[in-house]
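Open the model in your viewer and keep the selection tool at hand. The tour goes stop by stop, with something to select at each.

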Amino acid sequence: TFSPIPQFKDWLRKEVPGFHNSKRGSISISDIATKSECEQLSLALQPEDKQKGLDAAFHKLISPRFATVWMRDNTRRRYKKLREAMRPILVRLLARYLLTAKTPGSTTKMFDKVGNFHVGNGAEVHRIICFANMSEKAMHESLGCMVSYRYNIDPRVRESNSAGYHQNGKVVASDTVIASLDSNDETGSSNVEEDLLWHQQQQLPVSKL
């Protein structure tokens, strides 16, 4: 299935200081981006944003109001550079969110309600797709990102995945998604064109949750 990520922005507000004027949180750009990713992001920034530092620029870029501008505008070369620079960082943030964020008061239940449904029914987090849905709703909820959940054809695998999740909070994911969690490992990255081509080829059902 091809699914929305409705609580991602709420998690960002909780975890990223400066996001929507939040003073809480502890995630900075250096926590989630490799050295080369930070360098690429710095090269893609405008001089006035670069002067404010990478953390301030990152917070601005993931604010829904400004993200709508640089994610949607395909006519300006500088925005294309921003999308390429931000994509692996967003993927890593989303992987951290989907695989580790839990509902407050629970050690097993995912923070994301759509993910909770699919993973609870035995699916794996298969692929994270950036810039997949540029609607106002999706930009407000998940910065235009979506996720593919894959159900194994073998019911025994699905049952095992489901049991592991409900009993221990284990979220099963593809090797690509797991690799993207590591800020020292860039093997989980692809580019925007590869993501869009993959999406077009899959013809996945869209989750209505």
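## Stop 1

Select Glu141 and Lys137: the two form a salt bridge, with the closest N and O atoms 2.9 Å apart. This is a predicted model, so read every distance as computed from it. Both residues lie in helix 9, residues 136-142. They are four residues apart, about one turn of the helix.

Now colour the pair by accessibility. Is Glu141 buried or exposed? Glu141 is buried, because its relative accessible area is 18% and the cut-off for buried is under 20%. Lys137 has 58% relative accessibility and therefore counts as exposed, the cut-off there being over 50%.

## Stop 2

The structure holds five salt bridges in total. Select Arg92 and Glu37 next. Their side chains meet in a salt bridge at 2.7 Å, N to O. This pair links distant parts of the chain: Arg92 sits in helix 7 (residues 77-100) and Glu37 in helix 3 (residues 35-44), 55 residues apart. Both Arg92 and Glu37 are buried.

Move on to Asp49 and Lys60. The side chains of these two also meet in a salt bridge, at 3.0 Å, N to O. Asp49 belongs to helix 4 (residues 47-51) and Lys60 to helix 5 (residues 54-61). The two residues are eleven apart, and the pair links distant parts of the chain. Which class does each fall in? Asp49 counts as buried, because its relative accessibility is 8%. Lys60 is partly exposed, with a relative accessible area of 31%.

## Stop 3: Ile5

Go to the loop between strand 1 (2-3) and helix 1 (8-15), and pick Ile5. Ile5 has 0% relative accessibility, so it counts as buried.

What does Ile5 touch, leaving out residues up to four places away in sequence? Show Leu94, Tyr97, Leu98, Asp112, Glu141, Ser142, Cys145, Met146 and Val147. Glu141 in that list is the salt-bridge partner of Lys137 from the opening stop. Then draw a distance from Ile5 to Ala138: 8.2 Å, C-alpha to C-alpha. In sequence, Ile5 and Ala138 are 133 residues apart.

## Stop 4: Tyr149

Select Tyr149 in strand 3, residues 146-150. At 1% relative accessibility, Tyr149 counts as buried. Its contacts, not counting residues up to four places away in sequence, include Thr1, Ser3, Leu98 and Asp112. Val114, Gly115, His118 and Val119 are among them too.

Draw one more distance, from Tyr149 to Gly122. Their C-alpha atoms are separated by 9.6 Å, and the residues are 27 apart along the chain.

## Stop 5: helix 8

Select helix 8, residues 113-120. Which of its residues are buried? They are Val114, Gly115, His118, Val119 and Gly120. What do these buried residues pack against? Show strand 1, strand 2 (124-129), strand 3 and helix 10 (155-168).

Zoom to the start of helix 8. There a side-chain oxygen of Asp112 reaches to within 3.3 Å of the backbone nitrogen of Val114.

Gly122 follows helix 8, and its phi is positive, near 100 degrees.

Terms used:
Residues are numbered from 1 along each chain as its sequence is written. This is a predicted model: local features need pLDDT of at least 70, side-chain atom pairs count only at pLDDT 80 or more; totals for chains, interfaces and linings use all residues. Side-chain values use heavy atoms; hydrogens and water are left out. A salt bridge is a side-chain nitrogen of Lys or Arg within 4 Å of a carboxyl oxygen of Asp or Glu. Buried means under 20% relative accessible area, exposed over 50%, partly exposed in between (1.4 Å probe, protein chains only). Contact means heavy atoms within 4.5 Å. A polar contact is a pair of N or O atoms within 3.5 Å; within protein, one must be able to donate a hydrogen and the other to accept it, and residues adjacent in sequence count only if both atoms are side-chain atoms.
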